[in-house]
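Hi,

Here is the structure I promised to pass on. Have a look at it first, and my notes on what turned up follow below.

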Amino acid sequence: MDLSMGLQQKLETKMALTPQLKQSLEILQYSLQELEMYIREEANSNPLIELKEPSTIQMARLPEGDYPKNYNSENDYDPLNHIASNEDSMELYLLEQLAMQKGLSRIKKEVLVYYIHSLNDTGYLDCDLEEVAEQFDLTIEECESILQILQSFDPIGIGARNLVECLTLQLHKKADAPPLAVLFVQNHLEDLADRKFQLLADQYDFEVKDVEKIFTYIQQLNPHPIIDNVQRTEYIIPDIIVEKFNGEYIIRVNDISLPEISINTYYEELLRANADAETNQYLKTKLSDAVLLMKGVKQRHETLYKVTNIILKKQNDFLEMGKKGLKPLRLKDVASIAELHESTISRSIQKKYIQTPKGIFPIKELFVRGVATEKGEAESTIVVKDKIKWIIENEDAHKPISDQKIANLLLDEGIQIARRTVAKYREELGILQSTKRKKVKS
């Protein structure tokens, strides 16, 4: 065995985040309010940073009260529909639990953060695993496995993709759950809702009272991991403002509420005066930090403008037609045009709001999944949902149209959609299935 020592050259490529790039990415993902807080914290710890307070703040008021999740016209649109009142605190709570997880790889942590940011206001996961797999270069199975980590967090049911999965997650964690409760939820939830207790009792050789006990137990479960019915006035500051001027839409990054950053002249002069070595090194370090902060804020401004400009060019019809004008759009599409990584696009739109003539809403609302048409094109899910809603609203109340019939009607319009997808969109619209919509003739 040769145990001799020697020198060997090895060529390899590694990607390293420079301090400037790391801070720029961190600043990019901040909302306007978070960035203002971050700037003030940096100024408090760095004597070379001097802040000049803004003169005005552009703020939007969100009125009090309960608002319907779905709206029928642009006049019904209200930004509160898109804001979870405890969104920030829940995200923080979940991120704290993520920080407690040991032995997770970097990619798993990144995907988990993406999942947390993709939760809707009831705690359900609002993203497709296929898109996640494509974005992070993983398999569907790996994305499923990572999702199970999130679904192990508190509150129970967080990260579920539908009602069945939400209830199943809760049952798996309850030691006193009836033996067949999971089976009933996954295969007979509609039968239970229709109170077909005798049918289930015969099928499983049970007593009707035993089925009723299972039904009563399931009724006590929480259909939504996050519930907050507190009514209060909310205020947000839009990160992007779009206004129409002389027939053209002008994009403005709303930095008006941010304090202006400059270098304190006293310490700058002290640095030039060549003080003692220790003071000099301290001042150089703080000057470098201040310059990085200024560059990071500038980079955020430029990236936000660039990304928003690309998005609105793709979604130009929205500015005229409202939500009906939204077209299918993915992070990948914008990243390709902007020549940026998808994760950078994701950071740039996360927790940020855009103010347009049609209202104020999260920028991520402009990214819409699509449904294939016979022409090989894509129709936005918003338009498809509107069509489903219109079909149901105009059906014969005594002979409601089934999900399969709706799928067939959409196919006649060139939209290829499966029955289970119709059922999914119908449930998201808060519309009951056909058997429960039927009205008895008097």
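A search of the whole structure, which is a predicted model, turns up zero disulfides. Take Cys 127: the nearest cysteine sulfur belongs to Cys 143 and is 8.8 Å away, whereas a disulfide needs the two sulfur atoms within 2.5 Å. Cys 127 counts as buried, because its relative accessibility is 13%. Cys 166 is buried too, at 0% relative accessibility.

Salt bridges are another matter: the count comes to 12. One of them joins Lys 351 to Glu 34, with the closest N and O atoms 2.9 Å apart. That pair links distant parts of the chain, since Lys 351 sits in the loop between helix H15 and strand S7 while Glu 34 belongs to helix H2, 317 residues apart. Both ends are partly exposed, Lys 351 at 23% and Glu 34 at 26%.

Glu 134 and Lys 332 also meet in a salt bridge, at 2.5 Å from N to O. Here helix H5 is tied to helix H14, the two residues being 198 apart. Glu 134 and Lys 332 belong to a network of salt bridges that also takes in Arg 330 and Asp 333.

Instead, the Lys 286 side chain reaches the backbone oxygen of Ser 45 at 3.3 Å. Beyond its sequence neighbours within four places, Lys 286 is in contact with Ser 45, Asn 46, Pro 47 and Leu 48.

Best wishes

Technical notes. Residues numbered from 1 in each chain as written. Predicted model: local features only at pLDDT ≥ 70, side-chain atom pairs only at ≥ 80, totals over all residues. Heavy atoms only, no water. Polar contact = N/O pair within 3.5 Å; in protein donor to acceptor, adjacent residues only side chain to side chain. Contact = heavy atoms within 4.5 Å. Buried < 20%, exposed > 50% of the residue type's maximum accessible area, 1.4 Å probe, protein only. Salt bridge = Lys/Arg side-chain N within 4 Å of Asp/Glu carboxyl O. Helix = DSSP H or I, 4+ residues; strand = E, 2+ residues; numbered from the N terminus.
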